[in-house]
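This briefing goes through a two-chain model topic by topic. Please read it with the sequence and the coordinates side by side.

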Amino acid sequence: MDFLLDIKTAMLPEAILSLTILMCTVLCFMLKQQIQKVIYIISLLGLVISLFSISLLAANKVFTAFYNSFSSDFFSVLMRFLILAGTLLVIVMTKDYSFTFKNRQGEFYLLILIAALGALLLAGSNDLIMIFIALETLSLCSYALSGFLKKDKSSNEAALKYLIFGGAASALMLYGFSFLYGITGLTNLTEIFSYLANNSGGTMLNLTLFTVISGFLFKVAAFPFHSWAPDVYEGAPVPVAAFLSTVSKIAGFAALVKLMGLAFNNIEIISITLGLIALLSITAGNFMALNQMNIKRLMAYSSISQTGFVLIGFALLSYMGISGAVFYLISYLIANLGAWLAIIIFNDQTSKNLISDLNGIAYNNPYFATCFGLCLLSLAGIPVTIGFMAKFYLFHAIVQMGPAYLWLLIFALLNTILSLFYYLKVIKAMFVCGQESINSKLVFNGGVLNTSFIALAVLVVILGILVTPFINIARYSALSVKLPIKQIEIFK
Amino acid sequence: MEFFINNVWIIPALPLWSFLSILFGRALNVYENKYISLALTAGSTFIGFIFSIFILFYCINNAGTNHQYDILWLDTRDLKFSIGWLVDNLAAMMLVVVTSISLLIQVYSHGYMEQDKGYHRFFAYLVLFNFSMLALVLSTNLFQAYIFWELVGVSSYLLIGFWFNRPSAAQAAKKAFIINRIGDFGLLVGILALLFYSLNWWANSQNTLLEFATLGQAGSLALVNAGPVLFGFLTLGLLLGPIAKSAQIPLHTWLADAMEGPTPISALIHAATMVAAGVYLIARLYPVFELSPQTMTIMAWVGGATAFVAATIAITQTDIKKCLAYSTCSQLGYMILAMGIGAYSAGLFHLMTHAYFKAMLFLCSGAVIHSLADQQNMKYMGGLRKKMPIVAYTYLIGTLAISGLLFSGFWSKEAILSSLYTQGENLLLVIALITAFMTAYYMFRSYFMTFEGEYRGHARFHKPSKVMTMPLIILAVPSAITGFIFSGNLNLIGIKSFDSFVFYGHALHEAHTDLFLPICSLIIALLGFLLAGIIYWDKLKSLYCNCFDAIQRYTIPLYRLSVNKWYFDDFYNLLIKYLILPISEFISIFDKYIIDGFVNLCGISTLYKGKAISLLQNGNVQTYLVTALLSFIAVIILIFLIFII
């Protein structure tokens with residue numbers, strides 16, 4: 001009975017999602033190609049129900065399941081909410097896209113749902129083995145998903161690259177886990193933390209930590225494990241690229257936050273190295289994005305640099321920093337999904353992917369151009385959008401850490417300016433290039449895609465103005481992680 | 001009653017909603033019918049008006065109402081940025097003034113703009129202005145007030161340049177915007193300096209940042225921190241904002257040009273409400289200004305000088321709207337003068353009465369202009385009383401009111417003059433009295449030129465519609481009586497005087513025993529009326545001899561000075577041409593070749609760096625893995641190095 005009660009209190013969304021997956025599996029084999037759209041609707045329903053079930057979880061308490069290997073605190077509830085909302089939008093994106101999958105539509109939704117389940121488990125995992133299983137569930141589905149356009153050469157290439165890279169990263173991570181087990185003899189994270197609080201792990205612990213972190217750096221596409229991202233985003237089906245750049249990243253970051261507890265024996269080194277990695281991610285992403293012509297590749301590089309900004313929050317190793325990172329993730333999810341929705345709306349109608357194809361689109365479709373522009377401005381961090389507030393709050397967290405972190409602030413600010421270039425390049429193509437250069441036409445009807453696109457763009461602005469409640473949510477979630485922090489905190 | 005106070009946010013929220021509805025009108029089918037825009041605009045203002053009336057009565061019945069509600073917008077631990085609404089007596093008075101005049105002018109605009117192509121655009125701007133003005137009135141803190149202060153400026157800019165196809169309108173809009181920017185710059189510097197010198201206070205007190213309620217305490221701390229000299233400059237910076245917005249010397253030149261906008265706009269924004277926002281802000285910042293006696297003196301003299309100079313310019317204007325514009329300038333000068341000498345209630349009292357009669361005067365002039373097919377020159381008018389009696393008589397009421405002949409203007413001006421008298425500011429009192437004389441003169445001059453005598457124009461006349469005359473008749477009532485009602489003479493039947501309702505510090509109990517000053521000002525106004533009559537009223541013309549020409553010849557230099565508006569515009573033009581443009585050209589060369597060159601160099605080199613780094617991304621998964629692993633090993637080595645060292 002205890003087992004079921006645990007599932008009810010801690011894992012309700014996961015349970016509902018699993019039931020949906022089972023249903024979809026059965027339907028997948030039963031339904032003919034023509035009516036496989038039913039699976040689309042059922043998976044949407046399942047996601048909506050599990051989104052609602054999140055509100056049934058008591059967010060202010062910690063519940064565990066599976067003998068402490070899964071814990072549901074406010075932080076993981078928030079992350080799971082973001083993951084489910086992101087998956088929901090990704091599935092909405094496939095509405096007009098799924099015909100390209102021919103008779104395998106059902107499988108596609110099945111894989112996305114399983115990947116989402118993996119992401120959910122990863123966000124709440126509290127045990128090394130759980131982390132690994134959840135991560136592999138997510139990864140294996142992602143490999144299959146990115147190669148889902150079987151006849152397409154670049155899609156196959158993307159899947160293979162992703163698989164090889166993912167395999168290498170997983171191997172590194174497992175290697176680190178084995179060291180961790182060797183040092184402590186434990187697999188449960190809470191126990192490992194309490195063990196490390198009393199015993200120093202020695203030099204070995206640092207090595208271990210980095211091998212472990214590498215696995216997640218791969219998942220979130222941070223330097224030096226970023227190079228798969230552009231090729232995969234370009235080759236994979238667009239909804240999959242959106243999934244990888246949002247949902248899968250959020251899951252990776254959620255697990256990374258839990259592992260940050262390992263860092264608190266040697267704060268300086270970890271902090272400096274993570275800061276370096278963050279800066280290199282931002283810089284590498286930005287520099288490579290400058291010359292991009294393909295909008296999907298551009299989004300890939302932009303997501304690498306955005307990852308770097310989130311990692312800055314981790315590098316500070318303070319509650320303020322982590323709450324900044326969490327808030328940045330919220331803003332990134334909204335703006336990035338909005339941008340991907342714009343890309344897929346454009347791609348559905350014109351099957352084009354170049355920035356120059358967007359030329360003058362503001363003249364025949366001002367709503368599309370404005371909403372897309374707002375999402376991009378939010379990614380760049382221009383005021384009145386949530387992206388500005390997220391950057392502001394993050395930089396505020398850096399300033400709070402004192403002059404020792406000034407270098408991080410300066411480079412992050414310089415990079416913010418740099419990133420404006422390529423976001424504005426897209427906006428310039430849409431608004432400034434004259435009417436004579438229009439080479440694609442876009443119809444904007446009131447479908448579910450366009451509605452959710454406009455809703456996201458409106459959200460970008462509204463959250464940019466009414467920001468305090470969301471900052472508070474980020475703070476509570478950061479406080480609920482209960483990291484074994486030894487640092488002097490100036491955070492109330 | 002409590003309901004209205006608690007839901008006061010509805011007053012600005014409805015215009016905002018209407019604005020958005022008209023803005024996205026194409027999708028919402030608003031543009032199909034003109035009445036939809038009108039209904040949205042006037043409806044939102046009407047509900048606001050009802051709210052304001054109830055709030056006003058609530059404030060009258062409950063002395064010392066001070067309802068403040070703040071929404072925490074941004075909390076940075078030390079500083080709390082909020083947006084909220086503050087209802088006290090001052091705000092309640094302003095709300096009623098703004099909403100009532102707005103409502104009437106919106107109805108009037110329907111008649112005025114019906115044939116215009118930009119009808120919906122006009123109403124969108126109008127309702128945007130309404131939103132920003134009401135939100136400015138309800139601001140709880142200086143930070144919020146600054147936001148809406150700028151928004152008010154933007155909507156004013158949009159409306160002055162409403163007919164942007166006319167070069168003169170586009171120029172006027174630009175001029176208004178730039179001159180207001182100068183003022184806003186001063187205001188911003190003032191706000192930041194005030195914040196800088198009182199930052200600790202705000203951080204410790206945990207109050208909403210820059211909230212009006214505690215501005216005085218923060219101000220006195222800033223005075224200690226900054227010293228009296230710096231603090232004086234700080235308050236002068238703050239004062240610059242109202243000087244520009246309320247068109248005071250030396251930043252008054254935009255107001256006359258702003259008459260390029262549609263006349264309802266001149267009535268609403270550039271006569272009744274927005275220009276009065278400067279006085280309103282001074283009233284809100286009174287606790288800070290009060291700490292610096294020098295600034296108060298400067299304020300008084302700026303007001304007095306503006307009142308005088310603008311009146312002298314108005315004397316010779318032949319454009320009916322420009323004449324009214326300079327009269328607005330002059331009356332605003334009175335208000336600032338009153339604020340400067342500490343006559344807080346008197347200044348705001350004049351603000352209220354002036355808003356009504358000046359709005360009505362402008363609407364009358366609009367009716368005349370509309371009927372004469374856009375003829376604005378009074379030389380080509382005359383004899384219009386017989387053709388449009390309603391307009392003529394309401395204009396006469398307004399003229400009497402502004403001249404201080406017993407209608408509402410008399411009472412408010414009287415309050416200012418008697419404060420000058422009791423404060424012992426004799427020089428300013430003389431200036432104010434001379435200005436009162438000139439006011440009566442030029443207002444009656446414009447009345448006689450427009451409505452009496454023979455018609456001198458050629459334009460075909462058509463009657464103004466009911467939509468336009470009804471607001472005039474309604475406005476005539478407050479123009480005539482508000483002054484008397486709130487003058488304190490009706491204490492017996494329970495209507496309190498204005499200065500016991502809106503006051504600063506403690507209520508002043510003014511004794512109206514001295515009849516010397518009222519009679520003196522009445523006589524002066526009558527003299528002005530007589531002079532105008534002698535010169536411009538044909539019926540009186542037979543009374544004077546031809547020696548008038550001789551007098552005219554001797555006053556030609558003065559006439560030139562007045563017609564050329566004291567050469568303010570010429571002076572500014574010379575200043576810009578020979579001082580500012582050469583400097584800016586020099587700087588632009590520096591900017592173009594050195595700064596731009598540096599920036600371009602950075603940009604180009606960055607692009608090449610980007611290309612170079614992209615070479616790593618060659619699509620080869622082997623390369624990717626090798627780079628990743630090498631970097632990983634590098635990090636590990638780094639860690640070990642740090643550990644060992």
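**The contact between the chains**

In this predicted model, the contact between the two chains draws 28 residues from chain B and 27 residues from chain A. On the side of chain B that touches chain A, the elements giving two or more residues are β1 (67–76), α27 (568–614) and α28 (621–644) of chain B. Of these, α28(B) gives the most, with 13 residues, and the residues on this side of chain B divide into 16 nonpolar, eight polar and four charged.

**Confidence**

- For the model as a whole, the scores are ipTM 0.78 and pTM 0.79.
- Chain A has an average pLDDT of 86, and 96% of its residues score at least 70; over residues 486–492 of chain A, however, the pLDDT is below 50, although this stretch has 11 contacts in the model beyond near neighbours in sequence.
- Where pLDDT is low, the predicted coordinates should not be read in detail.
- Chain B has an average pLDDT of 83, with 95% of its residues scoring at least 70.
- Among the elements of chain B, the lowest mean pLDDT (60) belongs to helix α24 (residues 538–541), and the highest (90) to helix α7 (residues 142–160).

**Overall build of chain A**

- Chain A contains 21 helices and two strands, and its radius of gyration of 22 Å is close to the 23 Å that the globule rule gives for 492 residues, so chain A is as compact as a globular protein of that length.
- Along the principal axes, the C-alpha atoms of chain A fill a box of roughly 70 × 55 × 40 Å.
- Of the 492 residues of chain A, 59% count as buried.
- Among contacts in chain A with a separation of 6 or more, 81% are between residues 24 or more positions apart.

**Overall build of chain B**

- Chain B contains 28 helices and two strands; its radius of gyration is 28 Å, close to the 26 Å of the globule rule for 645 residues, so chain B too is as compact as a globular protein of its length.
- The box filled by the C-alpha atoms of chain B, taken along the principal axes, is roughly 110 × 55 × 50 Å.
- Of the 645 residues of chain B, 51% count as buried.
- In chain B, 81% of the contacts between residues at least 6 apart in sequence join residues at least 24 apart.

**Domains of chain A**

- Chain A is divided into domain 1 (1–172 + 223–251) and domain 2 (266–492), and the C-alpha centres of these two domains lie 22 Å apart.
- Where the domains meet, 26 residues of domain 1 of chain A are in contact with 32 residues of domain 2 of chain A.
- On the domain 1 side, the elements that give two or more residues are α4 (74–93), α10 (228–235), α11 (238–245) and α12 (247–259) of chain A; α4(A) gives the most, with eight residues.
- The residues on this side of domain 1 divide into 17 nonpolar, four polar and five charged.
- One of the contributing elements, α10(A), is mostly covered, with eight of its eight residues buried; among them are A:W228, A:D231 and A:E234.

**Local backbone features**

- The peptide bond between A:F223 and A:P224 is cis, with omega about 0 degrees, and A:P224 lies in the loop between α9 (203–219) and α10 of chain A.
- That loop between α9 and α10 of chain A also holds A:A221, a residue other than glycine whose phi is positive, near 60 degrees; A:A221 is buried because 29 other C-beta atoms lie within 10 Å.
- A:N68, likewise not a glycine, has a positive phi of about 70 degrees and is placed in the loop between β1 (63–65) and β2 (70–72) of chain A; with 16 C-beta neighbours inside 10 Å, A:N68 counts as partly exposed.
- In chain B, the peptide bond from B:I249 to B:P250 is cis, with omega near 5 degrees, and B:P250 is found in the loop between α10 (215–245) and α11 (253–257) of chain B.

**A leucine in helix α2 of chain A**

- A:L22 belongs to helix α2 (residues 12–30) of chain A and is exposed, because 11 other C-beta atoms lie within 10 Å.
- A:L22 and A:L110 are 88 residues apart in sequence, while their C-alpha atoms are 8.9 Å apart in space.

Technical notes. Residues numbered from 1 in each chain as written. Chains lettered and ligands numbered in written order. Predicted model: local features only at pLDDT ≥ 70, side-chain atom pairs only at ≥ 80, totals over all residues. Helix = DSSP H or I, 4+ residues; strand = E, 2+ residues; numbered from the N terminus. Rg over C-alpha atoms; globule rule 2.2 N^0.38 Å. Buried ≥ 20, exposed ≤ 12 C-beta atoms within 10 Å, placed from the backbone. Contact = placed C-beta atoms within 7 Å. Nonpolar A, V, L, I, M, F, W, Y, C, P; charged D, E, K, R; others polar. Domains from an automatic or database assignment. pLDDT = per-residue confidence, 0-100.
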